[in-house]
Amino acid sequence: MPSSPEKKLETFDNPAPERDYVIHMEIPEFTCLCPLTGQPDFATLIVDYIADRKCLELKSIKLYTWTYRSLGAFHEDVTNRILNDFVSAISPRFMRIRARWWVRGGIYTTVIAEHRKPGWTPAPVVHLPDFETNSPMRG
């Protein structure tokens with residue numbers, strides 16, 4: 001089993017390609033280096049996507065993100081580079097990456113990048129009531 005950084009993203013067949021469904025991932029330990037100071041930058045990456053034919057395999061994402069630990073890059077570049085690599089690997093119908101960077105010099109930064117597959121139209125949003133589990137109306 002590999003236990004070192006790896007740029008190759010593994011994929012697997014979407015088990016329900018007939019349906020739009022959201023795959024949500026949170027990667028709370030992302031690290032790269034500031035290209036100006038060489039100091040570590042830390043972020044939580046939040047990835048939401050609607051797969052088409054392929055899905056991303058989680059262990060390969062872990063090894064992929066590990067490759068950034070010794071890379072100097074600006075937050076905007078890293079976020080867009082990851083989106084490009086993920087989209088290249090699986091050609092999703094939709095993907096959004098939100099990189100929430102920890103404070104640096106008193107400033108929090110969030111970078112959001114999106115991809116929409118040409119010709120894909122999302123289903124209309126269905127608004128359902130918000131039910132509280134501890135509501136007095138529930139027995």
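The mean positions of the 17 positive and 17 negative charges of the protein chain lie 2 Å apart. Lys and Arg count as positive, Asp and Glu as negative, with His and the chain ends not counted; each charge is placed at NZ of Lys, CZ of Arg, CG of Asp or CD of Glu. This is a predicted model, in which local features need pLDDT of at least 70, side-chain atom pairs count only at pLDDT 80 or more, and totals for chains, interfaces and linings use all residues. Residues are numbered from 1 along each chain as its sequence is written, and side-chain values use heavy atoms, with hydrogens and water left out.

**Fold**
- The protein chain has 2 helices and 6 strands, in the sequence order β-β-β-β-α-α-β-β.
- Helices (H or I, at least four residues) and strands (E, at least two) are DSSP runs, numbered from the N terminus.
- The C-alpha trace spans about 55 × 40 × 35 Å along its principal axes.

**Surface and contacts**
- Of the 139 residues in the protein chain, 36% are buried, meaning under 20% relative accessible area (1.4 Å probe, protein chains only).
- The accessible surface (Shrake-Rupley method, 1.4 Å probe) is about 9,200 Å², and carbon and sulfur atoms hold 56% of that.
- Among contacts (heavy atoms within 4.5 Å) with a separation of 6 or more, 66% are between residues 24 or more positions apart.

- Strands S5 (residues 94–104) and S6 (residues 107–116) run antiparallel and are joined by 9 bridges; pairing requires at least two DSSP bridges.
- Ile97 stands opposite Ala113 in S6.
- The hairpin leaves 2 residues between S5 and S6, and Gly105 in the turn has a positive phi of about 65 degrees.

Note on methods. Buried < 20%, exposed > 50% of the residue type's maximum accessible area, 1.4 Å probe, protein only.
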